Amino acid sequence: MELAGVLFFPALACALSLSPLGRHGRAAPITLIGSVIVFALAVRVAIAAAHGGHIEAFGEWLTCDGLGALVLGLVALVAMTAALFSWSYIRVRAAHGGKRKEQNYYGLYNLFIMSLLAVPILANVALMWVAVELTTLLSAFLVGFEDTPEALEAAWKYVVLTTVGAVLALFGFLILYWGSRIAGFEPFTWVGLVEAAPRMPPALLWPAFLLILVGFGTKVGLVPMHTWLPDAHSQAPASICALLSGVETTTVLYVILRLFPVVGGVPTLDARPWFICFGLLSVCIATLLLVYVRDFKRMFAFSTVEHMGIILVAAGLGGAEAHLGAAYQITGHALAKSFCFFSAGSVAMTFGTQEIASVRGLVKFAPLSAIALAGGAFAITGAPPFALFVSEFLIFKAGIASGQYLTIALLSFFVAVAFCAVLYHVNRMTFGAPHGHPTLAPLPWSCKATLVIAAIPLLAIGIYIPVVLQNLLRAAAAAMGG
Amino acid sequence: MATRILYNLLQVLFIIAVAPLVEGVATKLKENLQSKRGPSIFQPYRDLWKLFHKDEIVSDYTSWIFRAAPYVAFAAPIFVALLIPVLTRYPLFFAFMGDMLGGGFILALGGFFATLAAVDTGNPYGPMGASRTRMVGFLAEPVFIVVFLTVSFVAGSTIPYIVQLRWVTPIANFFEPSHILLMSAFLMLILAEDGRIPVDSPSGAFELAMIERSKSLEYSGRGAALMKWAGAMKFLVLICIFLNVLVTPWGLAAGTQPIEVLVAIPLVLLKILGFVLILVYIESSLAKLRLFRITEFLGAAFVISVVAMITRLSEI
Amino acid sequence: MAVIFALDALTGAVFLLTTLGVVANRQVLASLQLFIAQSLLLTFSAILLGIATHSLHLFAVAAITVATKTVLIPWVLRHTVSSEVYRTREIDRVLNIPSSLLIAAALVVFAYAVANPMLSAVHTPFAKINLPLGIAAMLLGIFTVVVRREAVPQLLGLLALENGVFFAGVAIVPDLPVIAELAAAVDVPVVALVVGMLTRRIHVRLGTTSVGRLVALRED
């Protein structure tokens, strides 16, 4: 029943936040408590999945395997830290927006979390599509929360482009259903699709795959459908950015990864070149944009595009080793990217700007944010001892072992350039000589707390991976068809 | 043999005689729809009569083209009337001479001479109208061609007598998407070719806004009468091609008995009346487009005809 | 059966015409009306196919479509977006209408080219009509989103895209579980609501609904 609880508690938290109980700033603790409970449940699910158990609830409607449990756990974790970050951050940001603004934020926040959590556990693929679509719709107003012209522009692009993508993906799923019906009646679940795939006409499976890859690829932010992503991920409040960049992209990417074994069931089709092409293109363009970026939240957004590309390449390389690397990369990215946005949000709050050029000498004015920003930058670019170093190393190793030298050469080149670019910008922000004396705003307590708490798992899994997590990652890699 | 020649001449007579009536009915209905009384439906006949009895004035600066143009324009629809099914379902004596494309060319010849004559006069409005007509013309041309191509794809022929039977055998063919799309595209073409709203206003008297009618401003007396009559006949011929060839052959005479052909006359008139009603509705509910919007109108017609062809080619 | 087939083909043809209308007309209100007409044709096609395949699901689809797309969505759009927007005559657009129409024609050709291999792989009678026309409507919907700069017409392009998916869907998956059907049906008005409210906020904050002109955020 954990799976049902995972969906129930956010709904409850939403209702409480919007009710009179949530007035006078009580919505924040309600949301935080709800997300802690959800995280505990998700951890139980993940542990069960790591031991190879099959978890289900409501008959067959909710199920979860290794890959699903990994995504579920990451969403729950980031939802918890983001809720903590929101506590005082949103109070400051919503100070001029009227009484209801804060409550509305938490109502939508909980619903958004619920839709994110629903994606990896809904068994019926059509319902899962609805959940993905809801993530967009529910987060639209969170993206436009600041109500500035830029935020509204970002929200508009976000909703329209990702919805277009989602509808294309819907068509892909309808074709998949058509194919599975022709193949003989399997239930319309991922397991059923994997079974039905070998008997499906390739002429149906292939367009369905491409439609879903392009459609949901829009929401993942794959180049060339990425144009909305840096806007939305830089204009939303930092807590929402952490969710969008850290786990929403991964949650949708999870759906694309799910297709990999389905297409793999047909010997005449090969999805891997497409994964590698899209992945490398994303990494390449994102790296180039990283060099010229002028807004530090945008910088982390481009880094998300880059990481989605890396994960896709890892999935496309094939083999258990590479898929393990992909699962590890997903984990590392979720932790590191959310942390990066927390620190970027703190810096933006202190300095009142998101421009790289306007922030100098951070270490002097705001040492905690400075350390967090530099640490986050190291973590996200894959410097040791952080998790992304291990995962990228695993991916390179798997690629070289399977003889795909060109892919690995390109990938490692771009990753190195991205490393230099991000650290160049962050270095100037942190240690550059300050011009004049900037007017600084104090950093609220919950932001500071989040910077400390979110750093713990980030550091921990880089140094030591518990056996349970290792098993979970292997189970996730197995679900990708490794 | 003799009856076939006779029927063929009857068709020509029908076109010549009924054309002004159709125009009169259209004008009257339009006025009525707009809550006005409107002139009698026989007014065009009176106008023609009046014009034929007036003196003709021809500028010294014009060449023979100006004088020849009314006769060419008048003759063109008559020739087309020999080719197309106006009253009968079966080909008549002269029908072997040309298919639908041939008919289109003959009509275009008449239009071409009228355009030349407009340039010939030296009247400032003439060349302006001529160039505008050409603009509408070259935009309409591709639509005509695609429509005829589609028709030939559907029926395997551009002979109108083969095409018309294709739509109703079996009756399900009538609902084919390509058929419906073709009809809409051709209807838009008729509106453009005949200078109807929304492309041109047939009743407008403002020279600067004219397209079709400014070409014959310089004519008087007999020339004006012929031009006016020619315009009405061209319109009727287009209606006949549309109704009898592209829509359905219903109402046309199937047998060779004289009584059948005579019965066909009121039935065809009824069909034409129905069409005129639709036309009047369109004309009253739309506004005239600005000149450069005409490209959009005909562009839409073009796209519809292309879509008709695609749906046909993919065997729907 | 042959008559139903022919009627469905006719519905498809008019469906395509309305979609072309959504791409190429100049008035916001006309766009909305064309979208309603398009939805009605989708409904009609669903009913025809429901009769032909004896599928109750398709009648449910028809009922849901009428309720959401011809009643609920127009209502939502009229009430969230101020009526000032609907009085706009000239829609601000990136490409002029003749060029858009030519591209639209090319897209329809492309839709048929895409649908053909799928149709030759399997035998689903009504898919022959609905699949290519549905794909065409999808492509035209995306195209509308791209060429329009005004908020409401962009949204209508999005909804036309969705109609295209369902138009193809009723033929290829006549027995999609009703719960999925319902969920998808709930989703569509929510899209309209969210986008409509966003439009209102943009209108209030920026005094314009020409979202295509919002270019503060871009790489340079």
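**Close-up views of a predicted model**

**View 1. Helix α6 (residues 149-182) of chain A beside helix α7 (residues 151-172) of chain C.** The axes of these two helices come within 10 Å and cross at roughly 5°. Axes are lines fitted to C-alpha atoms, for helices over the stretch in contact, and angles run from 0 to 180 degrees between N-to-C directions. α6(A) and α7(C) are therefore roughly parallel to each other (angles under 35 degrees count as roughly parallel, over 145 as roughly antiparallel, 65 to 115 as roughly perpendicular and the rest as oblique). Residues of α6(A), among them V160(A), V164(A), F171(A) and W178(A), meet residues of α7(C), including Q154(C), L158(C), V165(C) and I172(C). Contact requires C-beta atoms, placed from the backbone, to lie within 7 Å. By class, this contact has 13 nonpolar, three polar and one charged residues. Ala, Val, Leu, Ile, Met, Phe, Trp, Tyr, Cys and Pro count as nonpolar, Asp, Glu, Lys and Arg as charged, and the others, Gly among them, as polar.

The model is predicted: local features need pLDDT of at least 70, side-chain atom pairs count only at pLDDT 80 or more, and totals for chains, interfaces and linings use all residues. Residues are numbered from 1 along each chain as its sequence is written, while chains are lettered from A and ligands numbered from 1 in the order in which they are written.

**View 2. The side of chain C that touches chain B.** Here 26 residues of chain C are in contact with 18 residues of chain B. Two or more residues each come from α1 (2-24), α5 (97-121) and α6 (127-147) of chain C. α1(C) gives the most, with 13 residues. This side of chain C has 23 nonpolar, two polar and one charged residues.

**View 3. F44(C) in helix α2 (residues 28-53) of chain C.** Helices (H or I, at least four residues) and strands (E, at least two) are DSSP runs, numbered from the N terminus. F44(C) counts as partly exposed because it has 19 C-beta neighbours inside 10 Å. A residue is buried with 20 or more other C-beta atoms within 10 Å of its own, exposed with 12 or fewer, and partly exposed in between; C-beta atoms are placed from the backbone. F15(C) lies 29 residues from F44(C) along the chain, and their C-alpha atoms are separated by 10 Å.

**View 4. Helix α10 (residues 294-313) of chain B.** Of its 20 residues, 18 are buried, so α10(B) is largely enclosed by the rest of the structure.

Notes
Expected span 1.5 Å × (residues − 1). Contact = placed C-beta atoms within 7 Å.
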